[in-house]
Amino acid sequence: MQNLSHNGVAEASQAGFVKRKPTRARIGVFGVGYFKYWGQFDGLLDDLLQKQAVFIEKIESQHAVEIVDFGLVDDVTKAYELVPKLNAANLDLIFCDMLTYATSSTFGVIIKSIDIPIVLVALQPDKAMNYSQASTYLQLYNDDICALPEFAGVAVRMGKKVPQMIIGTLYDDPAADAEISEYCRIAAVLHDLKTAKIGHIGHPIEAMLDMHSDSTMLTAHFGAHIVQCEAHEIVTQYHQATEAEIDAVKERILAFFDTPDPVSDPISEKLRDSDLHIAAQAAVALENFIKAKKLDGLAYYYDGPEGSDTRVVMSNLIVGNSLLQGAGFPMCGESDLKTCIAMLIMERLGIGGSFAEFHPVDFKEDFVLVGHDGPHNIAIAEGQPVLRSLKKYHGKPGFGAGVEFKIKEGPITMLSISSTYEGKMKFIIAEGESIAGPIPPTGNTNTRGFFKPDVRTFLKRWIKEGPTHHFALGVGHHAETIQKIADYLKIESVIING
């Protein structure tokens, strides 16, 4: 049923809403070299510029990005002239293409003056020199790594961190290509964090002290704007939904979800027609609300008077949320804004990002159930997701349809964004495995999460870092990529190693 993208995430648009347009990150590229070589070695400059053109083509072939080519910097004057151009270009990330040896005067003022992530790229054209026919010309043509130590040392002297770097060959190097792709995806995350509009309705459940957020500080740390919305805006859209719209969403839901008979949980039932209708109507309302407010995601929790339309609608957004998450819009229950941003980061990386927490441990097989009631990212489901009618939503008001599935089997990554006593953000990151096996048939998401060295030790290490009890759950192993994003955002981070 699912078509997988190159990142392993299922294309879910056929199940629900139209998938969001891919982010077009804005990436700058400039090459560096040494002007004294051009008069000494005829043709070398042209060959180096061709190397830069090949590198730019390589970026363009992998991602829908917007590239600004700033040409070659080969002396200090050009470096100073480039600084205002880089600052004015509204870039998300910069590749510095190490075309041959270059003095660090071509880089010092740039790294000092630019607060945009810079990646040093050293991709020599030949896998090895032909030593029997080698020449100074060929050495300079392949001297891509020569100035890397000098540039790194100057970055430190300028009070900056040593930039990330890619080392490899320009042709036939899958490892280097993967790193280029990684940084393009990081650029997409940084681009959307700067411009995201995250809706917020209500407040975290009163007892969950770990989840409360200062919206201004979220803007300060991530750039995203928190749009304070009202529950009645969705309720109004609910009343305005037409039968044609509702029936169309019903068809999409039934075509994508399985609706099996109940198993062991007495609060679950086979999906009722009335619950399907309410879920579809709420999904129509939610999509129209997101479009009207021009939101990139939503965190919400709102109760409403017993028996009111507000309670009916706000407690039945689970299916619509799950469809929207699969289409690229992170939707987060319990009004957890920090986790909504974590889910946005994972979605823009192309690895999913589902709303999750820890459930019971299986001490016999040494794993912990990872999941949640409420919204989930159906784009990373293993097999066909299930809808069940629930007589009650445990710990919350209301009843209705619940989404149940497992995360795609294989490697998984977790990201919790917590806040510290000093009011700063912190990324807590871990990697594990989603392994096949039965899950509780409770109308909730649950994945059998295996973590090294063993589940007890892992949980102790995770909890000691002070996470929120929610986190974003994605497919693949991407802890180091997420840590790079934290570094670029100047946010503390830790990876829980096995």
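**The second largest cavity and its setting**

Modeller: Start with the strands. Strand 16 (400-407) and strand 19 (445-450) each give at least two residues to the lining of the second largest cavity. Keep in mind that this is a predicted model. The lining consists of K406, I407, E409, S434, I435, A436, T447 and R448. Sorted by class, three of these lining residues are nonpolar, two are polar and three are charged. The volume of this cavity is about 30 Å³. A search of the whole structure returns two cavities of 30 Å³ or more.

Now follow the chain on from strand 19. P453 sits in the loop between strand 19 and helix 15 (455-464). The peptide bond that joins K452 to P453 is cis, with omega at about -5 degrees.

The chain splits into domain 1 (25-193) and domain 2 (196-496). Domain 1 puts 15 residues into the contact, and domain 2 puts in 17 residues. Taken over C-alpha atoms, the centres of the two domains are 40 Å apart.

There is also an open space to consider. The second largest pocket has a volume of about 420 Å³. It is lined by 14 residues, and the closest to its centre are P117, K161, D487, Y488 and K490. Both domain 1 and domain 2 contribute to the lining of this pocket, so the pocket lies between them. Its lining has eight nonpolar residues, one polar residue and five charged residues.

Turn to helix 3 (residues 76-88). Helix 3 has a kink of about 25 degrees at L82, shortly before the proline P84. L82 is also one of the buried residues of helix 3; the others are A79, V83 and L86. What covers these buried residues? The cover includes strand 3 (26-32), strand 4 (66-73), strand 5 (93-98) and helix 4 (108-113).

K294 is not a glycine, yet its phi is positive, at about 55 degrees. Is K294 buried or exposed? K294 is exposed, with a relative accessible area of 64%.

The other is D366, in the loop between strand 13 (352-362) and strand 14 (367-372). D366 is not a glycine either, and has a positive phi of about 65 degrees. With a relative accessibility of 29%, D366 counts as partly exposed.

H232 belongs to helix 9 (residues 231-240). At 51% relative accessibility, H232 counts as exposed, because the cut-off for exposed is over 50%. H232 and G304 are 72 residues apart along the chain, and 10 Å separate their C-alpha atoms.

Back to your cavity, to close. Its lining draws at least two residues from strand 16 and at least two from strand 19. Among the lining residues are K406, I407, T447 and R448. The loop that holds P453 lies between strand 19 and helix 15, and the bond from K452 to P453 is cis. The pocket, by contrast, takes lining residues from both domain 1 and domain 2.

How values were computed: Residues are numbered from 1 along each chain as its sequence is written. This is a predicted model: local features need pLDDT of at least 70, side-chain atom pairs count only at pLDDT 80 or more; totals for chains, interfaces and linings use all residues. Side-chain values use heavy atoms; hydrogens and water are left out. On a 1 Å grid over the protein atoms alone, a cavity is a set of points where a 1.4 Å probe fits but cannot get out, and a pocket is an open set with protein on both sides within 12 Å along at least five of seven lines; lining residues have an atom within 4 Å of a point. Grid points are joined across faces, edges and corners, and a volume is the space filled by probe spheres set on the points. Helices (H or I, at least four residues) and strands (E, at least two) are DSSP runs, numbered from the N terminus. Ala, Val, Leu, Ile, Met, Phe, Trp, Tyr, Cys and Pro count as nonpolar, Asp, Glu, Lys and Arg as charged, and the others, Gly among them, as polar. Domain bounds come from an automatic or database domain assignment. The bend at a residue is the angle between axes fitted to the seven residues ending there and the seven starting there. Buried means under 20% relative accessible area, exposed over 50%, partly exposed in between (1.4 Å probe, protein chains only). Contact means heavy atoms within 4.5 Å.
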